[in-house]
Amino acid sequence: MTLLTLTVLVLAQPPAAKAPELKAPPVVTPGAMGAMQPPPSDAVVLFDGSSLSGWATRDGKPAGWKVADGTMTCQPKTGDIVSSKTFGSAQIHVEFMTPVEQGEGQDRGNSGVYIHGRYEVQVLDSFKNETYPDGQCGAIYKQHVPLANACRPQGQWQTYDIIFHAATFEGGRKANNARATVLHNGVLIQDNAEITGPTGGAIGQDETPTGPLLLQEHGHAVRYRNVWYRPL
Ligand code: MG
C-alpha cells in the first residue's frame, strides 16, 4: 500500500461518533418537606426505623449501618445493604438525607437506591454541587440525566417516589427493558425512563423479574428512613 493510498483511506474514514455532551438539568426548588407521611396500609415496609432486620450485606452478613432516632445511617466501609424481601414491579418510597460535610462532585453525600439491586437511582448531594449530569442526584446512573435538579441542601430530608416496571422475559430472553418514573421531593425527574440494563455496581449483570432493594455504601454517612414498596 502506498503512502498516498493510506492517506486517502485514513481521510475517508468518517469522524468517530462523539457522544453528545450532556447538559445539567434546570434547578427546581421543591416545596418544603412536611411531616413524614406514614406508609399506606398495603405497603410492604422495608425499614420502619426500628431495626435492620430484613437487611444484610451483599454476602449475607449482618448489615453494619447504624439505627437511631427512627433512621438508619450508612457507615463507611461496612458495605451496601440489601433487603431480604424481593419484589417485581413496584411503587417504591425512600427518604434520605445527605450529611453535612465538605467535598465536591461525586465525593459529597454519595449513596444510591438500587432497584432489584441492579438499577441505581443515584443519591448524591447535588445541591450547588456540579458533577457529570448522568451521575448527579436522581440520575439513573450513566443512563438518564434527571429532568430537574430538585435537591434539598444537605441535612434535610428528601423523598424518592419511584414507579418501577420490571423487565419482562419471554422464552428466557428479555422482551422489554425495565422502566422507571421517579419523583424527587415531589418533582418529576424521570418520566418512564427505559433502563437498558444493570448500572455500575449492580449485584448481577443478569436481569430478573424480581429482586431486592439495595442501598449503597459509598463512604458517606447518608441517612435513610421510611422505606417501603407496594407491589404493582
Ligand atoms: Mg451512588
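**Notebook: the surroundings of I115**

I began with I115 and listed its contacts, setting aside neighbours within four places in sequence: I92, V121, I162, F164, A180 and L213. I note that the model is a predicted one.

I then looked up the largest nonpolar core, which has 48 residues. I115 and A180 are the members that touch the most others in this core.

I turned to strand β7, which covers residues 111-115. I found that β7 runs antiparallel to strand β14, residues 213-215, and that three bridges join the two. I looked for the bridge partner of V113 in β14 and found L215.

I followed these strands into their sheet. I read the sheet as open, with five strands in the order β2-β5-β14-β7-β8 and antiparallel pairing. Why does one side of β2 and of β8 lack a neighbour in the sheet? I noted that β2 (55-56) and β8 (119-123) stand at the edges and each have a single partner strand, so one side of each is left without a neighbour.

I counted one helix and 15 strands. The chain has 232 residues, and 38% of them count as buried. I took the contacts with a separation of 6 or more and found that residues 24 or more positions apart account for 66% of them. The C-alpha trace spans about 75 × 45 × 30 Å along its principal axes.

Key. Residues numbered from 1 in each chain as written. Predicted model: local features only at pLDDT ≥ 70, side-chain atom pairs only at ≥ 80, totals over all residues. Core = buried A, V, L, I, M, F, W, Y, C linked by C-beta atoms within 7 Å. Buried ≥ 20, exposed ≤ 12 C-beta atoms within 10 Å, placed from the backbone. Contact = placed C-beta atoms within 7 Å. Pairing = 2+ DSSP bridges. Helix = DSSP H or I, 4+ residues; strand = E, 2+ residues; numbered from the N terminus.
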